[in-house]
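Here is a short briefing for a first look. Start with the view below, then read on by topic.

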2 protein chains.
Amino acid sequence: MESDIYKLLCQSSLFFGLNEKELKTLIENIFYQIKKYNPEEIIAYSGDNCDRLMIVLEGTVKAEMTDFSGKTIKIEDISAPGPLASAFLFGQNNRFPVNISANGQVKILSLPKESVIKLFQTNTIFLTNYLNSISSRTQFLSQKIRFLTFKTIKEKIALYILQLASNNLNRITISSSHQDLADLFGVTRPSLSRALGDMEKEKLIKIEKKDIIILDRDRLNKMIS
Amino acid sequence: MESDIYKLLCQSSLFFGLNEKELKTLIENIFYQIKKYNPEEIIAYSGDNCDRLMIVLEGTVKAEMTDFSGKTIKIEDISAPGPLASAFLFGQNNRFPVNISANGQVKILSLPKESVIKLFQTNTIFLTNYLNSISSRTQFLSQKIRFLTFKTIKEKIALYILQLASNNLNRITISSSHQDLADLFGVTRPSLSRALGDMEKEKLIKIEKKDIIILDRDRLNKMIS
């Protein structure tokens with residue numbers, strides 16, 4: 001494998017904390033394949049057995065679902081050096097949850113499950129990164145489910161603020177981007193901004209850059225109970 | 001540790017595939033603690049740092065959440081030899097998501113994160129079981145999110161049936177229990193049974209023991225599109 005690739009892989013969340021030399025030694029001792037795909041070529045079909053870890057080395061891929069009327073819904077774009085479906089390599093239902101296809105010319109590193117397990121056993125950093133990656137995904141989804149049970153965006157924002165401000169704190173700092181928050185709530189970014197603006201006008205909260213100041217905790221509490 | 005405990009632990013999903021002797025050798029080489037709790041005693045508070053894997057050895061514990069009005073909502077009971085919050089030991093937000101307390105006299109095996117990582121590296125079976133456990137959780141949650149975007153129970157059932165019957169198959173077998181399905185849909189078991197009965201009366205489906213026969217695929221498709 002060319003040295004450029006090791007440089008790129010060091011930036012992947014799965015190999016974070018390893019240097020190029022360490023990574024090269026690791027990869028050279030396991031079985032792997034590098035595959036090239038043409039624009040629009042299918043990389044994996046939804047329902048295919050997920051028996052390998054794939055990492056984008058060049059280009060971007062798109063994840064799509066087909067609904068029952070045959071309409072295609074785009075889920076996300078994944079660009080180099082992002083991993084594909086890492087939470088589906090293990091577990092009861094280890095099948096690709098989406099169709100994955102190439103957005104343009106794409107190069108993919110493919111590690112069979114056995115190679116991934118070998119990497120886990122030879123390198124704690126990779127193992128911990130992998131566990132962190134799927135655990136964070138689980139934590140994000142658990143939280144998202146809590147948000148989905150509330151109907152309006154304002155209720156979701158109220159819950160989010162009150163969770164962060166649990167110790168009777170009246171000023172909280174939002175470290176996530178608006179896009180990440182919108183994803184968590186399952187809404188679009190403009191809708192989120194509009195709802196935040198409305199809540200400011202209603203004197204529930206006040207926004208100061210990355211901070212949110214709670215002006216009326218009682219009314220926020222009522223929104224979600 | 002007494003030999004009875006190894007026998008019990010072999011039945012835990014995390015140690016599945018290991019015999020008592022192998023398990024004993026593994027556990028004897030790592031640091032662990034066994035703690036006893038009295039009825040109603042708090043084992044972990046929601047928000048506490050989750051820096052250890054806990055496995056119930058005796059009795060049952062309950063996981064509860066407190067909502068913003070101060071009301072306590074029971075999430076689940078976990079009995080021996082179940083693990084507690086295994087998806088929260090790693091990841092960005094590794095804090096207990098719920099309050100955990102003892103239902104009666106309880107004995108808990110507590111393995112610090114370092115011991116868990118050591119076990120991963122010395123035993124592939126434990127590692128794979130752990131990865132399977134949190135990956136299955138992620139897969140369950142991803143699917144649950146898809147179901148939560150549909151409003152009525154009947155719509156959720158329609159989606160579930162059509163997912164299983166994707167290849168124009170008109171008879172599917174349900175391997176999950178009604179309780180597992182109800183959990184997936186986020187509804188109670190009686191509500192699920194009622195909805196299934198209604199759909200049978202409406203001649204959308206026919207239920208034969210564990211099988212569901214699709215009578216009107218077009219109308220099912222319309223319900224979810």
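Of the 90 residues in the largest nonpolar core, A:Phe15, A:Phe120, A:Tyr130, B:Phe15, B:Phe120 and B:Tyr130 touch the most other members. This is a predicted model: local features need pLDDT of at least 70, side-chain atom pairs count only at pLDDT 80 or more, and totals for chains, interfaces and linings use all residues. Residues are numbered from 1 along each chain as its sequence is written, chains are lettered from A in the order in which they are written, and side-chain values use heavy atoms, without hydrogens or water.

**Nonpolar cores**

- A nonpolar core is a set of buried Ala, Val, Leu, Ile, Met, Phe, Trp, Tyr and Cys residues joined through side-chain atoms within 4.5 Å.
- Buried means under 20% relative accessible area, with a 1.4 Å probe and protein chains only.
- A:Phe15 touches A:Leu9, A:Cys10, A:Leu23, A:Ile27, A:Ile55, A:Leu119, A:Phe126 and A:Asn129 (heavy atoms within 4.5 Å), not counting residues up to four places away in sequence.
- Another core, of 26 residues, lies apart from the largest one; B:Leu184, B:Leu196, B:Ile205 and B:Ile214 are among its members.

**Cysteines**

- Over all chains, the count is zero disulfides (cysteine sulfur pairs within 2.5 Å).
- A:Cys50 counts as buried because its relative accessibility is 0%.
- B:Cys50 is also at 0%, so B:Cys50 counts as buried.

**Helix packing in chain B**

- Helix H4 (residues 124-148) and helix H6 (residues 178-185) of chain B pack at about 65°, with axes 8 Å apart.
- H4(B) is therefore roughly perpendicular to H6(B) (65 to 115 degrees).
- H4(B) brings B:Phe140, B:Gln143, B:Lys144, B:Phe147 and B:Leu148 to the contact, and H6(B) brings B:Asp183, B:Leu184 and B:Phe185.

Terms used
Axes fitted to C-alpha atoms, helices over the stretch in contact; angles between N-to-C directions. Helix = DSSP H or I, 4+ residues; strand = E, 2+ residues; numbered from the N terminus. Parallel < 35°, antiparallel > 145°, perpendicular 65-115°, else oblique. Buried < 20%, exposed > 50% of the residue type's maximum accessible area, 1.4 Å probe, protein only.
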